[in-house]
Amino acid sequence: MIGKKIWALADGYMNDTKNGNFESHEAVCVLNLSGKSATVSISVYFEDREPLTGFHAVCENGRTNHIRLDMIENDHGKKIPRGVPYALLIESDESIVVQHSRMDVSQAEMALMTTMAYS
C-alpha cells in the first residue's frame, strides 16, 4: 500500500469459552475520519509458527468497522486460531484510529479489556 500507516498490537489471545449467549472474542475496531475509504490489512504473528497474512477489511470515511477476529478469514479461508498467543500488524492506506478489544467470558465475572494503538 502506498502511504500506508502501521500499528502493532503485541498481546492477542482468544480463549475458546462460551458463557450463556456470550463468546470470548477479540476485535480490532477502527474509526475512519480521513476523507477517503480505508483499506485495512491484518497480519497475525505467532511464537511457534509462520505468520497468517491476507486478512482484509474496508472502513468507509466517516464510519467505524468492528473487525471481529474470531470471524474474519484470510484470502485462503483460514481463521485466527483460538487458544494460541499471537500479535497483530495492522496496515491501512489511510489515517485511521485503531483500538484492540478482548471480551473474556471464561469466568462468571466477564471481563472487557481494551487498548488504543498509535501508529
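1. Strand 5 (residues 38–46) is largely enclosed by the rest of the structure, because seven of its nine residues are buried. Buried means under 20% relative accessible area, with a 1.4 Å probe and protein chains only. Strands are DSSP runs (E, at least two residues), numbered from the N terminus.

2. Basis: this is a predicted model, where local features need pLDDT of at least 70, side-chain atom pairs count only at pLDDT 80 or more, and totals for chains, interfaces and linings use all residues. Residues are numbered from 1 along each chain as its sequence is written, and side-chain values use heavy atoms, leaving out hydrogens and water.

3. Strand 5 pairs with strand 8 (residues 86–92) in the antiparallel sense, over seven bridges. Pairing requires at least two DSSP bridges between two strands. Ile 42 has Ile 90 as its bridge partner in strand 8.

4. Strand 6 (residues 52–59) also pairs with strand 5, antiparallel, over six bridges. The two form a hairpin with five residues between them. Val 44 is bridged to Leu 52 in strand 6.

5. Strand 1 and strand 8 run antiparallel and are joined by six bridges. In strand 8, Glu 91 is the bridge partner of Ile 6.

6. Check Ser 41 in strand 5. Ser 41 is buried, at 12% relative accessible area. Its side chain makes a polar contact with the side chain of His 56, at 3.1 Å. A polar contact is a pair of N or O atoms within 3.5 Å; within protein, one must be able to donate a hydrogen and the other to accept it, and residues adjacent in sequence count only if both atoms are side-chain atoms.

Note on methods. Buried means under 20% relative accessible area, exposed over 50%, partly exposed in between (1.4 Å probe, protein chains only). Helices (H or I, at least four residues) and strands (E, at least two) are DSSP runs, numbered from the N terminus.
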